[in-house]
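Please walk through the model shown here, with attention to how its parts meet.

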Amino acid sequence: MEKPQGSGDAYWRATLGLLTTVLIIWFVVSFGFGIILQPMLDSIMLGGYPLGFWFAQQGSIYIFVALIFYYAHRMGQIDREHDVHED
Amino acid sequence: MDLKTLTYIVVGATFALYLGIAFWARAGSTGEFYVAGGGIHPIANGMATGADWMSAASFISMAGLIAYNGYGASLFLMGWTGGYVLLAMLLAPYLRKFGKFTVPEFIGDRFYSNTARIVAVICLILASITYVIGQMKGVGVAFSRFLEVDYDTGLYIGMALVFFYATLGGMKGITYTQIAQYVVLIFAYTIPAIFISMNLTGNPLPQLGLGSTMADGSGMTLLAKLNLVVTELGFKEYTTQTIAGRLDMFVYTLSLMIGTAGLPHVIVRFFTVPKVSDARSSAGWALVFIAILYTTAPAVGAMARLNLHATIQTGEIGSPEGNLSYEERPQWFKNWEKTGLLQFEDKNGDGRIQYYNDKNPEMAAKAEGFGWKGNEMVKVDRDIIVLANPEIAKLPHWVIALVAAGGLAAALSTAAGLLLAISSAISHDLLKGVFMKGISEKSELRAGRISMAGAIVVAGYLGLNPPGFAAGTVAIAFGLAGASIFPALMLGIFYKRMNKEGAIAGMIAGISVTMLYVFQHKGILFIKGTEFLGDLGPNWFLGIQPNAFGAIGAIVNFAVAIMVAKMTVEPPQHIQDLVESIRTPRGAGGATH
């Protein structure tokens, strides 16, 4: 379907690889720990927080922030490796 | 100084600040009007996005939703923040590389079709108008409660203010005012929370306070104490209750996430930064600024719920002296009774207030034994939680005045962003793009200002005469955006084979399925009596509430778009080259039209 485009293709594969990794973590911490596994995780305490509840109301948000900065940083590296960065 | 004068001074000072910024940041070109000239620093844009994003619903209503739905309300917290991960990775950098002014413009160019562009404009206007009504109401309500002017006057003042800075400055004016509004609203939100967390747990950070031990010497954690207090009164356990089950929660969270990523007024904020790499990091900054409020909100909700029950249930449940006497109710109670948002009815005539869950049969039976005749707090409006919080915690007057200014900042900043998205869809997509292609830049700028003024008048009218459905529809706006715009953008970037036939069919299918599902449960065009299936759990498809249906609409959109695209011809070569070019950052210039 898509023509092979040399380095362009490798760049896009690297981008999609990073994307997949980040989306898996994104899904696991919110839908996984925060919703599906919440009843199980709640038996573990994090300070005064049941762990599942903590992921749903605090933890997932902190991890989202970290994920975006990690993504932005890694994309910057991938851009330079494949020589498609700006400036 | 009395509270009213102080509130006038604080709110007046913030308004003067917004007007001063607007005058300083006048827009001289369409580039400045639509995308603030494209030179906004990523951190500054993140802050502006925070204010653009956090509406009256986030500021006023969310903590109340959390207070009453406990764990179940986590779907708002995760849904309204998780969308930024999608936005940062799937949309923002690529749309920034594309480098145009509006979201429908991308859809029109990528799918080489004015029809696609017009369908996108319609989806955008449907989602944005539903959303803006809520903001206008928020402005009116904040004015009428804190400044004691009536609702209509409050709305006119708000409209005049937005009119001034949005038509004069366009995106440029809106950006700098939103930065100021973010600062106002975040102080207004966090300061009372810090005081309250300090009082209850001795920990000044609300995010940690919520997970701490109570400072009352009981040795219990705050959440365990709250669970105990609410279950003893027959309410559901705070840390485990859900709104409509776990599947609904899953789908609702997903709807809010993709809706967040698909709302045009948020997406265009990322057109204002200089580079593609800035669009990525700016989404991170936006979420940092949003997370400050969103991680504080669960503490505000839980602590307010605890304080409210402690105020009313002063002693042992069932003992004659255990409930607050109505005569001795605190001043804030009286203030909010006047607004009608808090109502007490002495059902058993004992002069004391009983607040419990009389819908719970076990509790109702127990209460009868105490001589209680039903829950006497017949109305506790959820919006009170944030607005009355400083009064309940006996904080100084300047904090209460600040909360008023913060609520107004949240509503005004979001309204301005939405109005800009609507007016640029009209002046740039419909006029310049389709109907009056030869229009000069100067005339387009004038058309932009006129459609902004028109949009403000329409929004104001709907705020003054709110359609019956207005209150509950902010969530539906997310469903509409998530089911139409998000899949079209994503397929446009990630699926080179996607053609105009597929994209148009997908958008129409996605938004239709979502609207039909909402209509069948809430009435056609929300007219009562025309719903052919009741709005009750058993009638919901797999138990999913209408507000949460955007995710299903989005799945339908993806499926229809891909099927239709496979059956029709692939897009022309220059479009496939365009997709290649937006996928790589190099060569991103300033936004042009």
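The model is predicted. Where chain B meets chain A, 43 residues of chain B and 37 residues of chain A take part in the contact. On the side of chain B that touches chain A, the elements that give two or more residues are helix H5 (74–98), helix H10 (222–232), helix H11 (246–262), helix H13 (276–312) and helix H22 (573–583) of chain B. Of these, H13(B) gives the most, with 12 residues. Sorted by class, this side of chain B has 20 nonpolar, 15 polar and 8 charged residues.

Within chain B, the domain assignment gives two entries. Domain 1 covers 3–35 + 44–306 + 395–472, and domain 2 covers 319–391. The C-alpha centres of domain 1 of chain B and domain 2 of chain B are 32 Å apart.

The two domains of chain B also touch: 21 residues of domain 1 are in contact with 15 residues of domain 2. On the domain 1 side, two or more residues each come from helix H4 (56–69), helix H8 (151–201), H13 and helix H17 (397–435) of chain B. H4(B) gives the most to this side, with 8 residues. The residues on the domain 1 side divide into 16 nonpolar, 4 polar and 1 charged.

Methods: Residues numbered from 1 in each chain as written. Chains lettered and ligands numbered in written order. Predicted model: local features only at pLDDT ≥ 70, side-chain atom pairs only at ≥ 80, totals over all residues. Contact = placed C-beta atoms within 7 Å. Helix = DSSP H or I, 4+ residues; strand = E, 2+ residues; numbered from the N terminus. Nonpolar A, V, L, I, M, F, W, Y, C, P; charged D, E, K, R; others polar. Domains from an automatic or database assignment.
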